[in-house]
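Here are my notes on the model you asked about. Have it open while you read, and click through the residues as they come up.

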Amino acid sequence: MQNKSPLISVIVAVYNMEKYLGNCLDSLVNQTFKDIEIICVNDGSNDNSLSILEEYAAKDKRVIVINQENKGLGGARNTALDVACGKYFCIVDSDDFLDLDSLELRYNAIKKYNCDCVFVDYNIVSATGNFVGNVANPREYNKILSTEDIILKDTLYSWQHLFNREKVKHIRTIENTIYEDFFYNAQIFMHLDTIVHIQGGCYNYRHLKNSSAGGDSLKVLDAPLLFKYYNDLIKRYKNHPKINILKTARRKFQNFMIKRLFQRVPFDITYNEVFGVYLKSLKTLASFSLLLMFSLKMFLFSFYRVKGRKYYKYVKLFGIKFKVKRKYLKNLRKKRNENIWIWKTKYNRR
């Protein structure tokens with residue numbers, strides 16, 4: 001006699017998270033909703049993450065451990081999706097944790113409203129787990145919404161949801177790329193019809209400098225690749241009744257990347273690197289807009305990064321070198337630590 005499939009599959013991709021993994025797993029094995037499987041994919045960790053996973057698996061048969069060579073966050077999630085067998089599924093990052101009633105509230109809501117997906121608000125916590133703030137969606141609670149309406153007005157992450165797996169089990173996330181949630185959610189919402197926002201049962205997002213959400217320098221260089229994925233998918237589904245979901249998702253990602261370029265990207269990557277990457281991708285307005293924003297940012301900051309006693313300083317704007325007399329830069333250099341540059345100072349404190 002075959003074992004009954006669990007109602008919910010919980011997907012956890014793990015890479016070098018020994019410090020926080022126990023907290024994550026404790027929040028899962030102690031959920032008030034018990035009919036779950038916890039699929040943990042160790043993605044080539046070189047710390048004690050695998051040992052911690054095996055320890056939990058030995059104590060709780062619901063914990064399934066898969067060990068693989070490193071494929072990145074997207075590859076690890078795809079591995080778990082391949083073996084998941086729950087009627088519903090959710091995603092949890094290995095450095096985060098859930099409120100203990102999160103899965104129960106999500107499941108009860110998805111049954112009560114007979115909807116395809118439920119999403120919750122999330123808390124931001126520090127590296128030590130202390131509460132920092134709550135990110136509450138402005139939507140009404142317990143009201144059935146269309147996925148088209150959600151994608152137009154909201155920014156949601158895959159870990160906020162409980163999905164009906166039967167409707168989206170064929171969809172996989174992109175491997176070896178950036179901000180996979182944007183693209184993954186856009187694909188999923190094309191195949192869902194209704195979604196409900198519920199109160200309570202929050203997801204707890206741990207803000208870490210070196211987490212999968214960090215590393216903006218490298219991600220900026222990969223952004224044109226994701227635009228290509230969006231464009232290819234839009235061409236493939238050009239006659240789909242929900243094609244506007246993809247188009248809106250692409251536009252929102254463009255705006256998100258412009259914000260990242262102008263506010264968060266540090267200068268450990270060179271202007272030539274970014275310019276070269278985006279120059280090859282100018283077929284889309286998105287890539288041109290991002291290149292324009294980054295060019296302006298680098299141009300502004302080049303004015304107060306003058307070193308030595310050179311009489312002239314070369315600055316770049318849109319890939320073109322300009323020769324500027326040092327005396328014109330002197331006053332701007334003095335303002336480096338004044339309030340007009342406070343947003344730069346804020347970044348360095350992060």
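How many helices and strands are there in the protein chain?

1. **Overall make-up.** The protein chain has 13 helices and 14 strands, where helices (H or I, at least four residues) and strands (E, at least two) are DSSP runs, numbered from the N terminus. This is a predicted model, with local features needing pLDDT of at least 70 and side-chain atom pairs counted only at pLDDT 80 or more, while totals for chains, interfaces and linings use all residues. Residues are numbered from 1 along each chain as its sequence is written, and side-chain values use heavy atoms, with hydrogens and water left out.

2. Of the 350 residues in the protein chain, 52% are buried. Buried here means under 20% relative accessible area, exposed means over 50%, and partly exposed is in between (1.4 Å probe, protein chains only). Take the contacts (heavy atoms within 4.5 Å) in the protein chain with a separation of 6 or more: 76% of them come from residues 24 or more positions apart.

3. **Helices α1 and α2.** Two packed helices are described by the angle between their axes and the distance between the axes. For α1 (residues 18–29) and α2 (residues 49–59), the angle is about 20° and the axes are 9 Å apart. That makes α1 roughly parallel to α2. Axes are lines fitted to C-alpha atoms, for helices over the stretch in contact, and angles run from 0 to 180 degrees between N-to-C directions; under 35 degrees counts as roughly parallel, over 145 as roughly antiparallel, 65 to 115 as roughly perpendicular and the rest as oblique.

4. On the α1 side, look for Glu18, Leu21, Gly22, Leu25 and Asp26; they meet Ser49, Ile52, Leu53 and Tyr56 in α2. The contact of α1 with α2 has five nonpolar, two polar and two charged residues. In this scheme Ala, Val, Leu, Ile, Met, Phe, Trp, Tyr, Cys and Pro are nonpolar, Asp, Glu, Lys and Arg are charged, and the others, Gly among them, are polar.

5. **Helices α3 and α7.** Here the axes come within 11 Å and cross at roughly 35°, and the crossing is right-handed. Leu73, Gly74, Arg77 and Leu81 in α3 meet Glu180, Asp181 and Tyr184 in α7. The residues of this contact are three nonpolar, one polar and three charged.

6. Asp181 forms a salt bridge with Arg77, with the closest N and O atoms 3.1 Å apart. Because Asp181 lies in α7 (residues 180–190) and Arg77 in α3 (residues 72–83), the pair ties together parts that are 104 residues apart in sequence. Asp181 and Arg77 are both buried.

7. **Ser158, touching that pair.** Ser158 is in the loop between α5 (147–153) and β10 (161–164) and is buried, at 0% relative accessible area. Leaving out residues up to four places away in sequence, Ser158 touches Arg77, Ile91, Phe163, Asp181, Tyr184 and Asn185.

8. **Other salt bridges.** A search of the whole structure finds 12 salt bridges, each a side-chain nitrogen of Lys or Arg within 4 Å of a carboxyl oxygen of Asp or Glu. One of them joins Arg62 to Asp60, with closest N and O atoms 2.8 Å apart; Arg62 is buried at 16%, and Asp60 is buried at 15%. Another joins Glu166 to Lys169, with closest N and O atoms 3.3 Å apart; Glu166 is partly exposed at 44%, and Lys169 is partly exposed at 39%. Shared partners also link Asp116, Lys167, Asp193 and Lys242 into one salt-bridge network.

9. Ile64 lies in strand β3 (residues 63–68) and is partly exposed at 33% relative accessibility. Beyond four places in sequence, Ile64 touches Glu37, Ile38, Ile39 and Cys40. Gln254 lies in helix α9 (residues 243–263) and is buried, with a relative accessible area of 14%.

Notes. A crossing is left-handed if the near helix is turned anticlockwise from the far one by less than a right angle, and right-handed if clockwise.
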